[in-house]
Amino acid sequence: MEIIIAKDAEQAAAVVADRFEEVLRERGEDGAVLGLATGSSPVLTYRELIARHREQGLSFAHARAFLLDEYIGLSADHEQSYHRFIRDTFTGHVDMPDELVLSPDGEASDPRAEAVRYDASIGEAGGVDIQILGIGANGHIGFNEPSSSFGSRTRVKTLTEQTVRDNARFFSSSDEVPIHVLTQGLATIREARRIVLIATGAGKAQAVRDMAEGPVSAACPASILQMHPAVTVVVDEAAARDLTHADYYRFIQSQKDRLAS
Ligand code: F6R
């Protein structure tokens, strides 16, 4: 795992945006397949990518995107649906074709069949070139809550009480937060060719430590990322607080910066 400790959330977002820009330029007209997360963690990255699109002409015209997850029972245009969130915060502000921004259908009459269909559609698009992830305070990625199988594919999951409480900030009350979701599984997420996880704030410090330095265990689903060959974890100082080897990660980074300059 490459672990980058940024001085603050803005710098962390710029590092993640650099990785996305690299992939968009590499894939060019062949069209990058982007894996997108919702929630607060990627918002500054999306803002930075929108700024690069407006000010530097970074184009998403050939790209397509797959969301990690969706609430079951919310319509696509519901204010809190992830379908709507990603358009409002990111893809609606760049030149990515809207019909190529895909998410599981939270209103599908057969959610299990929808999960299988969605999972297959990622493979049919050639797989994800770069996936951005946030992490839950309990170590979830996507909505793969603790005890999720490392072999899981896109499926229906029940949120933990903690995740419902954490997500309640986006709703008028926690009673309104759906408790069932469709989420890419851990095995689905692992197939992305590159993964960049962003975590900021002290509330994520324990989860970041468990993910990067703890045992690979279903108790911390994100720890499966230790098995992936191309993962970058970008954290701010607060989220890095509990890392035992923080000085080593800083040392590696300073050597890379020196070689690059
Ligand atoms: C969102 C997602 C979740 C969030 C995680 C962190 O699509 O899959 O795993 O990334 O719950 O949420 P925030 O960023 O709001 O702290």
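Is serine 103 buried or exposed? In this predicted model, local features require pLDDT of at least 70 and side-chain atom pairs count only at pLDDT 80 or more, whereas totals for chains, interfaces and linings use all residues. Residues are numbered from 1 along each chain as its sequence is written, and side-chain values use heavy atoms, with hydrogens and water left out.

Serine 103 is buried, with a relative accessible area of 15% (buried means under 20%, with a 1.4 Å probe and protein chains only). The residue belongs to the loop that runs between strand S5 (101–102) and helix H4 (111–124); helices (H or I, at least four residues) and strands (E, at least two) are DSSP runs numbered from the N terminus. The side chain of serine 103 forms a polar contact of 3.4 Å with that of histidine 83. Such a contact is a pair of N or O atoms within 3.5 Å; within protein, one must be able to donate a hydrogen and the other to accept it, and residues adjacent in sequence count only if both atoms are side-chain atoms.

The ligand is surrounded by 14 residues (one heavy atom or more within 4 Å), and the closest are Ser41, Asp69, His140, Gly142 and Lys204. Oxygen atoms of the ligand lie 2.5 Å from a polar side-chain atom of aspartate 69, 2.7 Å from a side-chain N or O atom of histidine 140 and 2.8 Å from one of threonine 38. Taken alone, the ligand exposes 400 Å², of which the protein buries 93% (Shrake-Rupley method, 1.4 Å probe).

Terms used
Buried means under 20% relative accessible area, exposed over 50%, partly exposed in between (1.4 Å probe, protein chains only).
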